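This report describes selected packing and side-chain pairs in the structure shown below. Please keep the sequence at hand while reading.

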Amino acid sequence: MQLAAEHEQAVRRWKPNARPGCTSRTSLAAYRRMLVTDERPLEDALQLVRWLFDEYEPDKPTFDWRPNVLSGDALRRQYDRLEALMQATSDPRKATPAEA
């Protein structure tokens, strides 16, 4: 599965000694549910994974999302939050409150 392979490669680029669970049976089922049940487009999911492990810079030094999404199940659970974060950081107008 392309999403599982891309996720595992991204995790290993970020942290070579990590032990991602991207290709476990549970993760593969989670990727399928993400794409079929949740109706997430494959290209959007791939873009999110690439952004998270290649471009994301934690805004707080005490919290980093990447260790929390090392498996397909975790990626599926956090997808909406990460997608909103990606959109907010790519569009500065969304990241700051509107001025009255």
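## Salt bridges and helix packing

Asp73 is partly exposed, with a relative accessible area of 26%. On this scale, buried means under 20% relative accessible area, exposed over 50%, and partly exposed in between, for a 1.4 Å probe and protein chains only. The model is predicted: local features need pLDDT of at least 70, side-chain atom pairs count only at pLDDT 80 or more, and totals for chains, interfaces and linings use all residues. Residues are numbered from 1 along each chain as its sequence is written, and side-chain values use heavy atoms, with hydrogens and water left out.

Asp73 takes part in a salt bridge with Arg77, at 2.7 Å from N to O. A salt bridge here is a side-chain nitrogen of Lys or Arg within 4 Å of a carboxyl oxygen of Asp or Glu. Arg77 and Asp73 are separated by about one helical turn, because they are four residues apart in helix 4. Arg77 counts as exposed, at 56% relative accessibility. Helices are DSSP runs (H or I, at least four residues), numbered from the N terminus.

How many salt bridges does the structure hold? There are eight salt bridges.

| Pair | N to O distance |
|---|---|
| Glu6 and Arg50 | 3.2 Å |
| Arg76 and Asp38 | 2.8 Å |
| Arg77 and Asp73 | 2.7 Å |

The side chains of Arg76 and Asp38 meet in one of these bridges. Arg76 is in helix 4 (residues 72-90) and Asp38 in the loop between helix 2 and helix 3, so this pair ties together parts that are 38 residues apart in sequence. Arg76 counts as partly exposed at 25% relative accessibility, and Asp38 is also partly exposed, with a relative accessible area of 29%.

Glu6 forms a salt bridge with Arg50. This pair links distant parts of the chain, with Glu6 in helix 1 and Arg50 in helix 3, 44 residues apart. Glu6 is buried, at a relative accessible area of 14%, whereas Arg50 counts as partly exposed at 29%.

Helix 1 (residues 2-14) and helix 3 (residues 42-55) have their axes 9 Å apart and meet at an angle of about 5°. That angle makes helix 1 roughly parallel to helix 3, a label for angles under 35 degrees. The axes are lines fitted to C-alpha atoms over the stretch in contact, and angles run from 0 to 180 degrees between N-to-C directions. Among the residues of helix 1 that meet helix 3 are Leu3, Glu6, Val11 and Trp14; the helix 3 side includes Leu42, Val49, Arg50 and Phe53. Contact means heavy atoms within 4.5 Å.

Arg12 also lies in helix 1. Arg12 is partly exposed, with a relative accessible area of 37%. Leaving aside neighbours within four places in sequence, Arg12 is in contact with Ala18 and Pro20. The Arg12 side chain reaches the backbone oxygen of Ala18 at 3.2 Å. Arg12 and Leu70 are 58 residues apart in sequence and 9.9 Å apart in space, C-alpha to C-alpha.

Helix 2 spans residues 25-37. Leaving aside neighbours within four places in sequence, Ser27 is in contact with Gly21, Cys22, Ser71, Gly72 and Asp73.

Conventions:
Helices (H or I, at least four residues) and strands (E, at least two) are DSSP runs, numbered from the N terminus. Angles under 35 degrees count as roughly parallel, over 145 as roughly antiparallel, 65 to 115 as roughly perpendicular and the rest as oblique. A polar contact is a pair of N or O atoms within 3.5 Å; within protein, one must be able to donate a hydrogen and the other to accept it, and residues adjacent in sequence count only if both atoms are side-chain atoms.
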